[in-house]
Amino acid sequence: MTADQLAPAQLEELRRLSSCIVASTIETFRVRLPNIGFANSTIKCIFKDQQPLVGYAATARIRSSDPPMEGHGYYYDRTDWWNHILSIPEPRVVVIEDTDRPAGLGAFIGEVNANILLALGCVGMVTNGSVRDLDEVRLTPFQMFAGNVSVSHAYAHVFDFGGTVSVGGLPVRPGDLLHGDLHGVQSVPMEIAAKVPAAAHEILLRRHQLVGLCQSPDFSIGALRKAIGQSDLKS
């Protein structure tokens with residue numbers, strides 16, 4: 001573990017939190033504006049019943065629409081990008097920017113690549129492009145966030161890796177800490193990451209108190225105003 005990594009127990013604490021609570025908690029530290037740091041709604045969680053995804057980003061860029069200029073109609077596999085993946089600490093999340101316009105004609109990640117990535121210590125992936133083989137991948141612990149689903153891989157191929165990519169408006173650099181669940185995916189600033197779980201539990205406690213008041217037979221507008229005034233909680 002390096003100075004930029006969290007201990008396994010700290011990562012597990014993050015994994016037990018919903019992405020909404022993590023987002024609300026990050027806001028309280030005021031390290032970034034509330035309208036940045038997360039992928040927009042074009043990036044959807046594929047397996048909504050899985051536990052939250054937490055890991056460090058390994059990045060790549062792909063294309064899928066254009067055939068190669070020469071050869072037999074297929075691109076050579078860029079297996080050298082596996083070395084980049086292994087340079088990122090575990091747990092790893094592969095983040096793939098599909099640069100086609102529109103993105104997602106062909107799916108780069110399906111059953112085979114998902115299992116390769118699992119073997120390389122990846123717990124999931126995020127892309128603005130497509131994925132496929134959902135039934136087969138669902139049988140594994142591999143999580144996927146994607147812009148859409150495609151029946152074909154078309155000419156999907158890695159042409160670049162190891163740089164900053166953008167998925168759903170979220171810029172991601174190699175080594176960025178990511179958190180995601182059925183609500184979406186976001187980055188967690190490393191300078192506050194270790195403090196997020198404790199701060200999140202304070203927010204959860206205040207939420208519980210306010211919700212309890214709203215559901216109480218003693219509820220009143222006056223009591224609600226008083227409770228809100230004593231809290232900086234945002235839902």
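This is a predicted model: local features need pLDDT of at least 70, side-chain atom pairs count only at pLDDT 80 or more; totals for chains, interfaces and linings use all residues.

User: OK. How many helices and strands does the chain have?

Analyst: The chain has 8 helices and 13 strands. Its C-alpha trace spans about 75 × 35 × 30 Å along the principal axes. There are 235 residues, and 43% of them are buried.

User: And what share of the contacts join residues at least 24 apart?

Analyst: That share is 77%, counting contacts between residues at least 6 apart in sequence.

User: Let's go to the helices. At what angle do α2 and α7 cross?

Analyst: Helix α2 (residues 19-29) and helix α7 (residues 196-214) cross at roughly 105°, and their axes come within 9 Å. Angles of 65 to 115 degrees count as roughly perpendicular, so α2 and α7 are roughly perpendicular to each other.

User: Which residues meet there?

Analyst: From α2 you have I21, V22, S24, T25, T28 and F29, and from α7 they meet V196, A199, A200, I203, L204 and R207. Sorted by class, the contact of α2 with α7 has 8 nonpolar, 3 polar and 1 charged residues.

User: Which residues of α2 are buried?

Analyst: Those are S19, I21, V22, S24, T25 and I26.

User: What covers them?

Analyst: The cover on the buried residues of α2 includes β12 (177-181), β13 (184-187), α6 and α7. Also worth a look: just after α2, R30 takes a positive phi of about 55°.

User: Back to α7. How does it pack with α8?

Analyst: α7 and helix α8 (residues 221-229) pack at an angle of about 175°, and their axes are 10 Å apart. That angle makes α7 roughly antiparallel to α8. On the α7 side the contact uses L210, L213 and C214, and on the α8 side A223, L224, A227 and I228.

User: What classes do those residues fall into?

Analyst: The contact of α7 with α8 has 7 nonpolar residues, with no polar and no charged ones.

User: Switching topic: how much space lies in the second largest pocket?

Analyst: About 450 Å³. It is lined by 23 residues, and the closest to its centre are R32, R173, D176, S187 and P189. β11 (170-172) and α6 (190-193) are the elements that give two or more residues to the lining.

User: How does that lining divide by class?

Analyst: The lining of the second largest pocket has 11 nonpolar, 7 polar and 5 charged residues.

User: Now the backbone. Which peptide bonds are cis?

Analyst: The bond from E90 to P91 is cis, with omega near -10°. P91 is in the loop between α3 (81-87) and β3 (92-98). The bond from R101 to P102 is also cis, with omega near 0°, and P102 is in the loop between β3 and β4 (107-109).

User: What about D133, where is it and what is its phi?

Analyst: D133 is in the loop between β6 (130-131) and α5 (134-138). Its phi is positive, about 55°, although D133 is not a glycine. D133 has a relative accessible area of 28%, so it is partly exposed.

User: And A154, where is that one found?

Analyst: A154 is in the loop between β8 (148-149) and β9 (157-161). A154 has a positive phi of about 50° and is not a glycine. With 24% relative accessibility, A154 counts as partly exposed.

Note on methods
Residues are numbered from 1 along each chain as its sequence is written. Side-chain values use heavy atoms; hydrogens and water are left out. Axes are lines fitted to C-alpha atoms, for helices over the stretch in contact, and angles run from 0 to 180 degrees between N-to-C directions. Helices (H or I, at least four residues) and strands (E, at least two) are DSSP runs, numbered from the N terminus. Angles under 35 degrees count as roughly parallel, over 145 as roughly antiparallel, 65 to 115 as roughly perpendicular and the rest as oblique. Contact means heavy atoms within 4.5 Å. Ala, Val, Leu, Ile, Met, Phe, Trp, Tyr, Cys and Pro count as nonpolar, Asp, Glu, Lys and Arg as charged, and the others, Gly among them, as polar. On a 1 Å grid over the protein atoms alone, a cavity is a set of points where a 1.4 Å probe fits but cannot get out, and a pocket is an open set with protein on both sides within 12 Å along at least five of seven lines; lining residues have an atom within 4 Å of a point. Grid points are joined across faces, edges and corners, and a volume is the space filled by probe spheres set on the points. Buried means under 20% relative accessible area, exposed over 50%, partly exposed in between (1.4 Å probe, protein chains only).
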